[in-house]
Amino acid sequence: MTKRFRNWALSSILVSMIVCPVAKAQDRRAIAEPVAPHTVCDRPVPSGKDDTVSLQDAIEHCPAGAAVYLGRGEFHSGPLEMKSGVTLWIGRGAALIATPEPAAYDKGRGQCGRIMGKGDGCRPFISFSKTRGGGIYGEGIIDGQGGAMMSGGAETWWQLARRAQAEGGNQNAPRLIQIDHAQDITFSGITFRNAPNFHVAMNRVEGATFWGLTIDSPADARNTDGIDPGASQDVTITHSFIRTGDDNVAIKAGDNGSSSHISILDNYFGWGHGMSIGSEVNSGVSDILVRNLTLDGTTSGLRIKSDVSRGGLVERVTYENVCLRGNRSPVSFDAKYDPRAQGTRIPVYRQIVLRHVRGDNGVLLMRGVDERHALDVALEDVRFANSATWQLEHAKVTASASDVSPPLPGRATEPLPRGSEACARAFRDAHR
C-alpha cells in the first residue's frame, strides 16, 4: 500500500507543478518534509506483557528535542501522555498496540466501554495536552484494536458503536490520538489503523503537520474519522493515504473556536465519507485549500455539511485538481444536513471555488438554507459524466457554460469530454 501511494503521490506532485504552478497553500507556515530526531533518549524493549509503565516512564524522562525509539516487536499499552518536545519514534517492524480493556481508559466514572447519553467517558490512547513540539515519527504501526474483543465483554469497540447507533445512545470508546491545546505538532510516516473511535482528533491546535501517513480502518467501522482538525489553525495534511469508516478528513469549528488556514495537499482517500467541513461550523471555518486530492470510492466526495443547530460562516474554501471516482455524492454542500434541526445558527457558505475537478456519476448537491443565505460557489473547469445530476437549491453558482459538464440546470451547453489524463494517472498509479 505504501509503495502504491508513493507512486501516486509522485504523479500527483508532477500534475500540480504542470497544472497549477501558482497555487498557494493556506497554511501560513513554511512546510518541509519532517526529518528524524537527532537524539534518541531511550530504547524500550517489548516485555510481552503490558508495557504501559515502561513507555510512560521513558516519555516522562526524555528531554525536549529527543525521541523515545521503539524498535522491532509488539508493544502492548494502555493510555500514554506525551510531553512537550518529545517524539515517539516507531521504527519499521515495530507496532504499538492499544489494549482493548475499557477500564484502562476510563475517566473514573465507569462509563468507558458502555452506551450512555454522552460519549466522553474514555481517555484517548495517546494524548498531546498543552504540549509544544514533538509528535510521532517512523514507519511503524499504531493499532487501536477497534475490532478486538473488549476485555471482560462480549463485543468489540466497533460492535459497541453499532449497538449504540441502533439504541439511540452514544458509545464510550477511546480515540486513538487526541491533540488538545497544543502547538507545533508533527506526525510523519506512521501508520494508524483500527481506531476504536476517531484516529486523530484536534482541539485548539496552533500548527500541525501530518506528512506521509497511512490511516486504515474498515469501511463499516463506525465513527473512525481519519483526521479531524477542530478549532485549529495552520494545519497541513499531505502525501497521506486515508481510508476509514467515516470522514477521511473533517474540519470542525464548534463552540471551542474557529478553524482556519488549513491545507490538504497531495493525498489519496480510499473508502470513507470524504473530504468534509462540518457539521459543527458555528465558530467559523475559513481559508482552506484542498489541492491534488483523489477520492476513490468514498461515499461522499467534497462535502460541507451543517444545519441551523450548528451553522456558521464557511468562507474562502478552494478545491483544486480533484479526481473523484465511485462516489454516491461527489459534491455535497448542504446547509440542511439535518433537515429536522432547529435553531438560529444559520450556515452561510461563500467564496467556495471548485477548479479543475473531475468525476463520474452521482449527485452534485448545493443547498442553502434560503435565498437570503444562498450558497456562493464558483466553478472553473468542473466536469462529471453526463449521467451525473445537479441538485441546486438556494445556491448562487457562477460558471461559464462552456466550463461545466453536465450543464447546470437551465444552462445549455455542448457536452464536454469528462476524461482527464491527470486523474487517470492518479487512479492507475495508486493501484500499482
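Are Cys 323 and Cys 423 buried or exposed? I looked them up, and both are buried.

**Entry 1: confidence**

I am working on a predicted model. I checked confidence before reading any detail. The chain has a mean pLDDT of 92. I note that 91% of its residues reach 70 or more. Where pLDDT is low, the predicted coordinates should not be read in detail. I leave that stretch alone.

**Entry 2: disulfides**

How many disulfides does a search of the whole structure find? I get 3. I numbered the bonded cysteines in sequence order and read the pairing as 1-2, 3-4, 5-6.

I began with Cys 41 and Cys 62, which a disulfide joins at an S to S distance of 2.0 Å. The pair links distant parts of the chain, 21 residues apart. I place Cys 41 in strand 1 (residues 39-42). Cys 62 sits in the loop between helix 2 (52-60) and strand 2 (66-70). About the S-S bond I read -110 degrees, a left-handed link. Cys 41 is partly exposed because its relative accessible area is 30%. Cys 62 is at 0% relative accessibility, so I count Cys 62 as buried.

Next I took Cys 112 and Cys 122. Their sulfurs are 2.1 Å apart in a disulfide. I find Cys 112 in the loop between helix 3 (102-105) and strand 7 (115-116), and Cys 122 in the loop between strand 7 and strand 8 (126-129), so the bond ties together parts that are 10 residues apart in sequence. This link is right-handed, with 110 degrees about the S-S bond. Why do I count Cys 112 as buried? Its relative accessibility is 7%, and the cut-off for buried is under 20%. Cys 122 is buried too, with a relative accessible area of 10%.

Then I went back to the pair I opened with. A disulfide joins Cys 323 to Cys 423, S to S 2.0 Å. Cys 323 lies in strand 24 (residues 313-325) and Cys 423 in helix 5 (residues 421-430), so this bond ties together parts that are 100 residues apart in sequence. I read -90 degrees about the S-S bond, which is left-handed.

**Entry 3: strand 28**

Which strands pair with strand 28? I found strand 26, strand 30 and strand 31 among its partners.

- Strand 26 (residues 348-358) runs parallel to strand 28 (residues 375-383), and 6 bridges join them. I traced Ile 352 to its bridge partner in strand 28, Val 377.
- Strand 30 (residues 395-399) pairs with strand 28 in the parallel sense over 5 bridges.
- I see Val 382 opposite Val 404 in strand 31.

**Entry 4: Ile 215**

Last, I looked up Ile 215, which is in strand 15 (residues 214-216). Is Ile 215 buried or exposed? I count Ile 215 as buried because its relative accessibility is 0%. I listed what Ile 215 touches, leaving out residues up to four places away in sequence. The list includes Phe 192, His 199, Ile 227, Phe 241 and Ile 242. Gly 226, Arg 243 and Thr 244 are on it as well. I also took one C-alpha to C-alpha distance, to Arg 193. Ile 215 and Arg 193 are 5.6 Å apart in space and 22 residues apart in sequence.

How values were computed: Residues numbered from 1 in each chain as written. Predicted model: local features only at pLDDT ≥ 70, side-chain atom pairs only at ≥ 80, totals over all residues. Heavy atoms only, no water. Helix = DSSP H or I, 4+ residues; strand = E, 2+ residues; numbered from the N terminus. Buried < 20%, exposed > 50% of the residue type's maximum accessible area, 1.4 Å probe, protein only. Contact = heavy atoms within 4.5 Å. Disulfide = S-S within 2.5 Å. pLDDT = per-residue confidence, 0-100. Pairing = 2+ DSSP bridges.
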